[in-house]
Amino acid sequence: MGGDCSSVPRNGTITVVGDANPATDIKATVELKDEPPAMKARRRKWMDSIKDQILSWNFSAFELEKTTEGSPLITVTIALLEVHDLLDGWKLDRGTVERFLRRVEAEYLDNPYHNAIHAADVTQTSAVILASLQKQLKDIPKLEMFSVIMAAAVHDLGHLGVNNDFLINSKHPRATTYNDKSVNESYHVSRAFELARTTPGCDVLALLSPGDQKQVRKLVVEAVMATDMAIHFDLLKTFNMQLASQPDLNQWTDRVLLYQMVVHLADIANPSRPFHLARAWAERVISEFCSQGDQEAAIGLPVTPFCNRDTINMPKAQQGFIDVFLRPTLASFMAVTPDFTAMATKHLDVTVANWKRLEEEGFTM
């Protein structure tokens, strides 16, 4: 995923140098100050405080964001890398990884939903799924574990708070750059590797062999690209066919599809968190959708139905998403991660019951 990258957490000072508009793109040169020793000490304390809940389904990225003074992503990602012995003795340099992640977190924008808190949540969710997956697989190589964690951490880097259709229909520069194909996802992963390769001191892959670098890049790129909801049904169909032809994951010689599905499921799984967390995520995603709808109306584009604040019904929208996307995906994972899937489905059933109750009570937003 290049150098001496000096950066600060998202609550620190960031100086943008050059002609770039943060509302449309963030490829300006960013001058980031060195992290003070006191901040490193606080982060160490924060990481130690979450070690016992790092694989808990009750984990709250919202609380972590408050506790860590606005740096939940680097905190949870470093903690997970430590849990899996991927720092201090493996093939990564701790300082380089920390600098890279601080830079990544700084480029997540303060959108209602697609922000560093969501990235932290998806990263932790990926780790929970991997922990369940380890009970089925004889071995998950460290290189693959690292790739999944990093893919989750960068999967929405620089997200502008609007979907691919908006970028395409508004003729956004990113849509032009990526030829209208998986625009957001292409940008996220491309920017992540650009940061690593061009920012001094941030080349997290520098100590890996050329072959290992190539493998990590392939896994990270494929996993991030798999978060495009436009390919959800094709991806799930391919996954189900692969499982039907070879149910024993240990016989899968190529696990790219498996890890794509892990990150994709992690990205859509928050409705299956305990309801107080599921509702908080729903409120944020609806807020972001409505913001997109407002932008569409302002520039003369048709307002996307699920982005229309005058007609949106949050309980109904959440139930629809669960029925169409999340529940079938969890069903496919029952053969892969039975304990995780059973636990998530139990919470999901409670969440659906709550949404139905709220809908009956006339609640819309």
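Me: Where is the place of H155?

Reply: This is a predicted model, in which local features need pLDDT of at least 70, side-chain atom pairs count only at pLDDT 80 or more, and totals for chains, interfaces and linings use all residues. Residues are numbered from 1 along each chain as its sequence is written, and side-chain values use heavy atoms, without hydrogens and water. Helices are DSSP runs (H or I, at least four residues), numbered from the N terminus. On that numbering, H155 sits in the loop between α6 (142–154) and α7.

Me: Is H155 buried or exposed?

Reply: Buried means under 20% relative accessible area and exposed over 50%, with partly exposed in between (1.4 Å probe, protein chains only). Because its relative accessibility is 0%, H155 is buried.

Me: Which residues is H114 in contact with, leaving aside its neighbours within four places in sequence?

Reply: The UniProt annotation "active site", from an unreviewed entry, covers H114; such annotations may be inferred rather than shown by experiment, and positions are given in the numbering used here, with feature names shortened. H114 lies in the loop between α4 (94–107) and α5 (116–133). Contact means heavy atoms within 4.5 Å. With those sequence neighbours left out, the contacts of H114 are L109, D156, H159 and E288.

Definitions and conventions
Helices (H or I, at least four residues) and strands (E, at least two) are DSSP runs, numbered from the N terminus.
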